[in-house]
Amino acid sequence: MKFTGLTPNLVSTDVARALAFYRDVLGFTLKANVPDAPPYVFVWLERDGVNVFVNDVKAVREDLPDVPSLEPGRSGVAMFLAVEGVRALWDDLRERTTVVMPLKTQWYGMTEFAITDPDGYVITFAERTGDNAK
């Protein structure tokens with residue numbers, strides 16, 4: 001047995017708004033959606049081999065009624081994306097998103113910044129730039 005992938009499966013209060021953010025701001029492509037026409041309850045987004053699922057909170061609550069932490073952005077889950085060109089990405093996103101951590105080089109050798117998506121999920125973009133991390 002082996003694991004073959006991991007995809008964040010985000011819960012959203014507004015799938016159309018989340019789709020617009022990931023597509024228009026972060027450059028993801030819509031790979032699949034349910035239903036075939038809006039309003040969607042699920043979208044699958046992809047950029048550079050990185051996948052993100054977004055699900056409507058009402059639909060998720062129907063499937064998982066006993067999970068108390070389904071409030072969008074309050075699950076404690078944050079995404080950490082390794083990127084190439086973090087400074088260029090910072091220049092592109094810093095005025096178009098909500099920044100929660102400005103660009104900085106961490107003691108462990110990563111240069112990174114963090115934003116939030118429209119549902120409050122924290123997304124950190126990071127690039128190895130120092131000698132401290134291996």
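**A walk through the predicted fold**

Threonine 124 sits in strand S8, which covers residues 122-128. Strands here are DSSP runs of E with at least two residues, helices are runs of H or I with at least four, and both are numbered from the N terminus. This threonine counts as buried because its relative accessibility is 11%. Buried means under 20% relative accessible area, exposed means over 50%, and partly exposed lies in between, using a 1.4 Å probe and protein chains only. Leaving out residues up to four places away in sequence, threonine 124 touches Met79, Phe80, Leu81, Glu112, Phe113 and Ala114. A contact means heavy atoms within 4.5 Å.

The model is predicted, so local features need pLDDT of at least 70 and side-chain atom pairs count only at pLDDT 80 or more, while totals for chains, interfaces and linings use all residues. Residues are numbered from 1 along each chain as its sequence is written, and side-chain values use heavy atoms, with hydrogens and water left out.

Now step back to the whole chain. The protein has three helices and eight strands. From the N terminus on, they run β-α-β-β-β-α-β-α-β-β-β. The C-alpha trace spans about 45 × 35 × 25 Å along its principal axes. Of the 134 residues, 37% are buried. Among contacts with a separation of 6 or more, 48% join residues 24 or more positions apart.

Threonine 116 lies in strand S7, residues 110-116. It counts as buried because its relative accessibility is 16%. Beyond four places in sequence, threonine 116 touches Phe21, Thr98, Val100, Tyr121 and Val122.

The buried residues of H1 are Val15, Ala18, Leu19, Phe21, Tyr22 and Val25. An α-helix has 3.6 residues a turn, so residues three or four places apart point the same way. Aspartate 14 caps the N-terminal end of H1, with a side-chain oxygen 3.2 Å from the backbone nitrogen of alanine 16. After H1 comes glycine 27, whose phi is positive, near 85°.

What has the most contacts inside the largest nonpolar core? The residues are Tyr22, Leu26, Phe113, Ile123 and Phe125, in a core of 29 residues. Helix H1 (residues 15-25) gives the largest share of this core, six residues. A nonpolar core is a set of buried Ala, Val, Leu, Ile, Met, Phe, Trp, Tyr and Cys residues joined through side-chain atoms within 4.5 Å. In soluble globular proteins, nonpolar side chains tend to be buried together. Take phenylalanine 125. Leaving aside neighbours within four places in sequence, its contacts are Leu26, Leu81, Val83, Val86, Leu89, Leu93, Thr111, Glu112, Phe113 and Ile115.

Lining residues have an atom within 4 Å of a point. Points are joined across faces, edges and corners, and a volume is the space filled by probe spheres set on them. There is one cavity of 30 Å³ or more. The largest cavity has a volume of about 30 Å³. Its lining is Tyr22, Leu26, Phe28, Val52, Met79, Leu81 and Ile123.

The largest pocket has a volume of about 240 Å³. Its lining includes Leu26, Phe28, Asp48, Glu84 and Phe125. Aspartate 48 is in the loop between S3 and strand S4 (50-56). It counts as exposed because its relative accessible area is 67%. Its phi is positive, near 50°, in a residue other than glycine. Glutamate 84 is in the loop between strand S5 (78-82) and helix H3 (86-93). It counts as exposed because its relative accessible area is 79%.

The last stop is the loop between strand S2 (29-34) and strand S3 (42-47), where proline 35 is found. The peptide bond from valine 34 to proline 35 is cis, with omega near -5°. Proline 39 lies in the loop between S2 and S3. A cis peptide bond joins proline 38 to proline 39, with omega about 5°. Most residues other than glycine have a negative phi, and most peptide bonds are trans.

Methods. On a 1 Å grid over the protein atoms alone, a cavity is a set of points where a 1.4 Å probe fits but cannot get out, and a pocket is an open set with protein on both sides within 12 Å along at least five of seven lines; lining residues have an atom within 4 Å of a point. A polar contact is a pair of N or O atoms within 3.5 Å; within protein, one must be able to donate a hydrogen and the other to accept it, and residues adjacent in sequence count only if both atoms are side-chain atoms.
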